[in-house]
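Here's a quick briefing on how this model is put together. Have a look at the structure first, then work through the notes below.

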Amino acid sequence: RKEPEQRKCMNQDIIEKLEELMELHKAKLGEDDRWRVYSYSKCIRALRNYPKKIKSFNEARSITGVGEKTARKIMEIIETGDLRRIGYEKTDDVEAINLFQGIYGVGRQIAYMWYTNGCRTLDDVRARKGGIKLSHVQEVGLQFHDDINDRMPRSEAESIFNLIRPIALELDEHLYIDIMGSFRRGKATCGDIDIIVTRPTSDGITHAGLLPELLARLHAAKILTEDLALPDDFSALELCYRGLCKRPEPDAKRRRIDILCVPWENRGAALLYYTGDDIFNRAMRMKANVLGYSLNQRGLYGGVVRDPWNRRVKISEGNIVASETEEEIFKILGVPWQEPHERVR
Ligand code: DCP
Ligand code: MG
Ligand code: MN
């Protein structure tokens with residue numbers, strides 16, 4: 001469902017084959033498959049950054065992250081244009097499991113279980129072959145499988161947003177609402193619509209209570225059609241909704257929609273997080289960590305104390321040093337400002 005990669009590199013043919021193989025291992029459950037996915041992803045990253053077309057085994061082997069077995073695979077791709085291993089790994093379990101994992105709400109474990117119960121196709125799942133049971137979310141995911149796996153043109157995301165915005169502003173004319181994600185990055189197609197909602201607090205009113213009322217109105221307007229995930233606790237400060245929506249035309253497709261409702265003072269960090277892309281976010285978080293900060297969708301935190309034995313564990317959360325604007329966060333991290341469309345890997 002990800003936007004196809006535009007950027008080409010010197011070893012694109014090799015990367016594509018290794019990615020195909022990696023995807024096959026991703027579908028499997030074994031400990032060794034997990035390890036292979038990790039090692040192929042490292043190798044693919046190294047190949048992306050390698051500036052020359054690889055010509056020999058020794059050259060491939062000299063790249064950090066490329067082991068002996070991978071170097072042999074690289075040579076096979078160079079010499080034959082193919083990788084036989086892909087064929088061996090493409091067993092029917094992998095195909096069925098990949099298919100089932102394409103259903104919203106279905107992970108690897110469930111997909112595997114359905115396979116074990118004899119399901120091979122979506123129709124098998126629809127027929128509940130093997131006596132399998134589906135959660136409500138999986139049922140919705142199955143019913144709208146094709147719609148959900150289709151990316152929408154940017155114009156459709158915009159037109160749905162233009163239906164939502166007036167309804168939101170009618171609820172509270174002071175609220176701030178905008179589209180984030182791939183749309184804000186200027187992509188031609190969007191996998192879903194990511195909406196952020198917040199509200200200035202200068203008159204003493206906050207964003208609290210906005211989301212449930214907005215959801216009720218969007219349901220009443222028949223724009224929201226199915227809920228996939230509601231916040232566990234509507235009194236939390238930061239709320240995230242996932243669902244399906246559609247335009248009013250009878251033949252309109254269901255589209256995935258995410259709505260994030262955040263406190264006004266966290267809006268900059270939320271905008272930054274929700275604009276992405278995910279790889280850019282990872283780079284920003286890493287940069288923050290290196291400088292002794294910690295970055296999440298709520299803000300940039302300073303004075304974080306980490307457990308020296310396990311750097312992932314924070315002994316002290318620290319305190320927010322920036323969260324109101326994206327600009328401040330870039331500035332403190334010493335990262336030159338990047339427009340949303342530039343925020344890609
Ligand atoms: N995000 C992230 N890490 C994740 C998931 C999301 O940092 N694991 C952030 C960055 C994403 C943004 O949230 O850009 C929106 O998430 P989406 O999954 O909707 O991704 P995009 O909007 O970027 O792409 P798509 O067009 O496929 O929806
Ligand atoms: Mg998105
Ligand atoms: Mn999303």
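This is a predicted model: local features need pLDDT of at least 70, side-chain atom pairs count only at pLDDT 80 or more; totals for chains, interfaces and linings use all residues.

**Around the ligand**

Let's start with ligand 1: it has 14 residues around it, and G181, S182, G191, G276 and N281 come nearest.

- If you sort the shell around ligand 1 by class, you get 3 nonpolar, 5 polar and 6 charged residues.

**The sheet**

- There's an open sheet of 5 strands with mixed pairing, and the strand order is β2-β4-β7-β6-β5.
- At the edges sit β2 (176-179) and β5 (224-229), each of which pairs on one side only.
- Ignoring direction, neighbouring strands of this sheet are turned by 25° against each other on average.
- Strand β2 and strand β4 (residues 193-198) run antiparallel and are joined by 4 bridges.
- Across from Y176 you'll find T198 in β4.
- Helix α14 packs on the sheet, where it touches β4 and β7 (255-261). The direction of α14 makes about 180° with that of β4.

**Helix pair α1 and α2**

- Helix α1 (residues 12-26) packs with helix α2 (residues 31-49) at an angle of about 160°, and their axes are 9 Å apart.
- Angles over 145 degrees count as roughly antiparallel, so α1 and α2 are roughly antiparallel to each other.
- These two helices, α1 and α2, cross in a left-handed way.
- On the α1 side, the contact uses I14, I15, L18, E19, L21, M22, H25 and K26. They meet D33, R36, V37, Y40, S41, C43, I44, L47 and R48 in α2.
- By class, the contact of α1 with α2 comes to 10 nonpolar, 2 polar and 5 charged residues.

**Helix pair α11 and α13**

- The axes of helix α11 (residues 154-171) and helix α13 (residues 210-220) come within 10 Å, crossing at roughly 130°.
- That angle makes α11 oblique to α13.
- The crossing of α11 with α13 is right-handed.
- From α11, the contact draws on I164, I167, A168 and L171, while α13 puts in E213, L214, R217 and L218.
- Sorted by class, the residues of the contact of α11 with α13 are 6 nonpolar, no polar and 2 charged.

Key. Residues are numbered from 1 along each chain as its sequence is written. Chains are lettered from A and ligands numbered from 1 in the order in which they are written. Axes are lines fitted to C-alpha atoms, for helices over the stretch in contact, and angles run from 0 to 180 degrees between N-to-C directions. Angles under 35 degrees count as roughly parallel, over 145 as roughly antiparallel, 65 to 115 as roughly perpendicular and the rest as oblique. A crossing is left-handed if the near helix is turned anticlockwise from the far one by less than a right angle, and right-handed if clockwise. Two residues are in contact if their C-beta atoms, placed from the backbone, lie within 7 Å. Ala, Val, Leu, Ile, Met, Phe, Trp, Tyr, Cys and Pro count as nonpolar, Asp, Glu, Lys and Arg as charged, and the others, Gly among them, as polar. A residue is near a molecule or strand if its C-beta atom, placed from the backbone, lies within 6 Å of it. Two strands pair if DSSP finds at least two bridges between them.
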